[in-house]
Amino acid sequence: MSLVFITFNCEAQFKDTSKWKALFALGINYPTTDGFVKGSYAQPVNFPTVNLGIQHMLTSHYGVKLDFGFNRFKNADDTPEFKINYSRINAQFVYDPTDYLGFIPTRMRLIAHAGPGVAFVKPLGTLGDNKQTFLNLNGGLEVHYAINEKVSVFTDVAYLYGVTSLEDYNPALTGLGAFNGSVFNLTFGLAVSLDGCRYCN
C-alpha cells in the first residue's frame, strides 16, 4: 500500500510546475536568407546557439520568463566571408497546456512561450561598422522530460522575427555582415528548479 502511495505522490509532483526555474540550453540556428544584403547569406546550419533564462510560474499554467540568447553564424561557401554575433534579450509569456492534453506521459510537459525583445547584431572583424540593434519577437515550443522533481531535460524549437529593415547599401558589399532577418533555433538543455519542492498548487 505504501509503495502505491509513493508512486502516486511522485507522479503528482511530476505533473506540477515549480515556481522558479533556471534554464540552460545549447543548439544550432538557421538565419533566413532575406535578412542579408543581396548576394550574401549564411550557412543553413550554424553553431553555437546558447540560451540562458529564468522562469517564474504565476499559476500551474501561466508564467513569465526573461532570457538571453546568443547565436553565431557565418557565410555560406559561395558568398563573401563574414561572421556575425546575434545576441538578444526577451521578456516572454509562458503557457503550459499539458494538463488539458490527456495523451501526454506523466513526466513530460509542453511549454509554449512568446514575447518581445531586443536583438544586437555585430559582424566580426573589419565589418564592425555594420552592427545593428532592433526589436524582435520570439515564439516557440519546449518539450520537457522530468528526470526528478528538480531537474528536467528539454528541447526548444523557436522562431525569432526581426522587426526592422536593412538600410539601402549600394553597393551591397558595403553592407556585408549586416543582418535584419529572422532566426530559427533548435536547442537542447536543462531546466533546474530553484525553489526545492515548492510547487504552484
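Author: Start with one term: a contact means heavy atoms within 4.5 Å. This is a predicted model, where local features need pLDDT of at least 70, side-chain atom pairs count only at pLDDT 80 or more, and totals for chains, interfaces and linings use all residues. Residues are numbered from 1 along each chain as its sequence is written, and side-chain values use heavy atoms, with hydrogens and water left out.

Reader: What share of contacts between residues at least 6 apart join residues at least 24 apart in the protein chain?

Author: The share is 67%.

Reader: How do I read "buried", and what percentage of the residues is buried here?

Author: Buried means under 20% relative accessible area, exposed over 50%, and partly exposed in between (1.4 Å probe, protein chains only). In this protein chain, 44% of the 201 residues are buried.

Reader: Which residues have the most contacts inside the largest nonpolar core?

Author: The general idea comes first. In soluble globular proteins, nonpolar side chains tend to be buried together. A nonpolar core is a set of buried Ala, Val, Leu, Ile, Met, Phe, Trp, Tyr and Cys residues joined through side-chain atoms within 4.5 Å. The largest one here has 14 residues, and Phe36, Phe73, Phe82, Ile84, Tyr86 and Phe179 have the most contacts inside it. Strand E4 (83–95) and strand E5 (108–123) each give two or more residues to this core.

Reader: What does Phe179 touch, leaving aside its neighbours within four places in sequence?

Author: Its contacts include Phe36, Phe73, Ile84, Tyr86, Val121 and Leu166.

Reader: How many salt bridges are there?

Author: A salt bridge is a side-chain nitrogen of Lys or Arg within 4 Å of a carboxyl oxygen of Asp or Glu. The count is four. Lys65 pairs with Glu142, with the closest N and O atoms 2.8 Å apart. Lys65 sits in strand E3 (residues 62–74) and Glu142 in strand E6 (residues 132–146), 77 residues apart. Both are buried.

Reader: Are Asp99 and Arg109 buried or partly exposed?

Author: Asp99 is partly exposed because its relative accessible area is 41%. Arg109 is buried, at 7%. Their side chains meet in a salt bridge (3.6 Å, N to O). Asp96 joins Asp99 and Arg109 in a network of salt bridges.

Technical notes:
Helices (H or I, at least four residues) and strands (E, at least two) are DSSP runs, numbered from the N terminus.
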